[in-house]
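Hi there,

Here is the structure I promised to pass on to you. Have a look at it first, and then read on for what turned up when I went through it.

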Amino acid sequence: MDGNPNPRSRQQPTDMTDCYSHHSQFYVSVDCIIFSISDGKLQVLLTKRKFEPEKGKWSLMGGFVSDGESVDDAARRVLFELTGIQGTFMRQVKTFGEVSRDPGARVISVAYYALLPSDAIDEKSLAEHDACWKDINDLPELGFDHPEMIRKARAHLCSRISTEPIAFKLLPEAFTLTHLQTLYELIFDEQFDKRNFRKRVAENQCIETTGKIDKSGSRRGARLFRFNKEIFEESNKFKI
């Protein structure tokens with residue numbers, strides 16, 4: 001040994017504080033893409049920003065992650081503050097971290113999407129947040145990178161909805177097969193062959209008839225179905 005100190009050892013921080021102080025610090029936020037079916041359209045819940053940057057523009061509902069709060073908990077909190085609903089289906093989509101994505105500061109945002117029946121949110125709560133449903137195929141001008149977030153969330157939803165029974169989060173407990181097919185067509189933005197779609201539905205034991213008839217659409221009516229969660233959990237198989 002020549003007695004010279006290891007040059008790598010001189011670069012080691014003396015304590016944990018020094019270790020972190022050598023690196024830049026950023027803000028971390030969450031953004032929620034809330035989907036629903038309303039007026040025969042796939043819709044997204046948007047709110048108008050009340051402060052800069054992008055004041056007055058339509059945007060997704062979001063917020064910063066607080067101390068002692070995970071990003072998942074932050075997303076649940078933001079969703080609850082807007083909707084008053086807890087325990088809602090929610091999935092993480094992607095982390096958005098482009099340097100210039102927020103003109104106010106360096107902000108890294110984790111995007112989530114949630115599925116809610118359109119009548120699940122109290123109108124008073126929507127008014128308090130200046131929020132309303134917007135057709136996903138006819139969105140107003142949005143701030144930040146929120147258009148990309150919505151596109152990514154829809155693509156994520158499309159990739160999951162054929163192999164996971166998440167579509168039923170957007171349907172009433174009892175539904176017709178026409179309602180179910182319409183839901184899938186709105187999400188994928190394409191039409192499906194009725195016979196083939198119903199054949200695929202029939203292959204799922206977890207979709208069962210209620211024995212009741214919906215006559216709201218015609219005198220003859222249509223059979224009502226429901227999703228049986230217990231049967232799905234036993235088989236863990238689903239595909240449409």
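Helices and strands here are DSSP runs, at least four residues long for a helix and at least two for a strand, and they are numbered from the N terminus. With that naming, Glu 164 sits in the loop that links H5 to H6. Please keep in mind that this is a predicted model.

What does Glu 164 touch, once its neighbours within four places in sequence are set aside? Its contacts are Arg 91 and Phe 238. Between Glu 164 and Leu 177 there are 17 Å in space, C-alpha to C-alpha, for a separation of 13 residues in sequence.

**The protein as a whole**

The protein has 8 helices and 9 strands. Its radius of gyration is 23 Å, well over the 18 Å that the globule rule gives for 240 residues, so the protein is more spread out than a compact globule. Along the principal axes, the C-alpha atoms fill a box of roughly 95 × 50 × 30 Å.

Of the 240 residues, 40% are buried. The exposed surface comes to about 14800 Å², and carbon and sulfur atoms supply 47% of that area. As for charges, the protein carries 35 positive and 36 negative ones, and their mean positions are 7 Å apart. If you take the contacts between residues at least 6 apart in sequence, 66% of them join residues at least 24 apart.

**The cores**

Which residues touch the most other members of the largest nonpolar core? In this core of 42 residues, they are Ile 33, Phe 35, Tyr 113, Leu 180, Tyr 184 and Ile 207. Both strands and helices give two or more residues to this core: strands S1 (27-38), S2 (41-48), S5 (90-96) and S6 (107-115), along with helices H5 (146-161), H6 (177-188) and H7 (194-202). Another core, of 20 residues, lies apart from this one, and its members include Cys 32, Leu 45, Leu 79 and Met 90.

Tyr 184 deserves a look of its own. Beyond its neighbours within four places in sequence, Tyr 184 is in contact with Ile 161, Ala 167, Phe 192, Phe 197, Phe 238 and Ile 240. Phe 238 is also one of the contacts of Glu 164.

**Backbone points to check**

Most residues other than glycine have a negative phi, and most peptide bonds are trans.

- The peptide bond from Glu 52 to Pro 53 is cis, with omega near -5°. Pro 53 belongs to the loop between S2 and strand S3 (58-59).
- Asp 39, although not a glycine, has a positive phi of about 55°. Asp 39 is in the loop between S1 and S2, and it is exposed, at 70% relative accessible area.
- Asp 130 is not a glycine either, yet its phi is positive, at about 50°. Its loop runs between helix H4 (123-128) and strand S7 (131-135), and with a relative accessible area of 37% Asp 130 is partly exposed.

Lys 134 is part of strand S7. Is Lys 134 buried or partly exposed? Buried would require under 20% relative accessible area; Lys 134 is at 23%, so it counts as partly exposed. Not counting residues up to four places away in sequence, Lys 134 touches Leu 42, Gln 43, Val 44, Leu 46, Trp 58, Leu 139 and Pro 140. Gln 43 is 91 residues away from Lys 134 along the chain, while their C-alpha atoms are separated by 5.2 Å.

Ser 118 lies in the loop between S6 and H4 and is partly exposed, with 24% relative accessible area. Leaving out residues up to four places away in sequence, Ser 118 touches Ser 36, Ile 37, Ser 38 and Trp 133. Between the C-alpha atoms of Ser 118 and Cys 19 the separation is 48 Å, and along the chain the two are 99 residues apart.

Gly 221 is in the loop between strand S8 (207-214) and strand S9 (222-227). Apart from its neighbours within four places in sequence, Gly 221 is in contact with Ile 213, Asp 214 and Lys 215. Thr 176 is 45 residues from Gly 221 in sequence and 9.7 Å from it in space, C-alpha to C-alpha.

Best wishes

Terms used
Residues are numbered from 1 along each chain as its sequence is written. This is a predicted model: local features need pLDDT of at least 70, side-chain atom pairs count only at pLDDT 80 or more; totals for chains, interfaces and linings use all residues. Side-chain values use heavy atoms; hydrogens and water are left out. A nonpolar core is a set of buried Ala, Val, Leu, Ile, Met, Phe, Trp, Tyr and Cys residues joined through side-chain atoms within 4.5 Å. Buried means under 20% relative accessible area, exposed over 50%, partly exposed in between (1.4 Å probe, protein chains only). Contact means heavy atoms within 4.5 Å. The radius of gyration is taken over C-alpha atoms; the globule rule is 2.2 Å times the number of residues to the power 0.38. Accessible areas come from the Shrake-Rupley method with a 1.4 Å probe; for residues, only the protein chains shown count as cover. Lys and Arg count as positive and Asp and Glu as negative; His and the chain ends are not counted. The place of a charge is taken as NZ of Lys, CZ of Arg, CG of Asp or CD of Glu.
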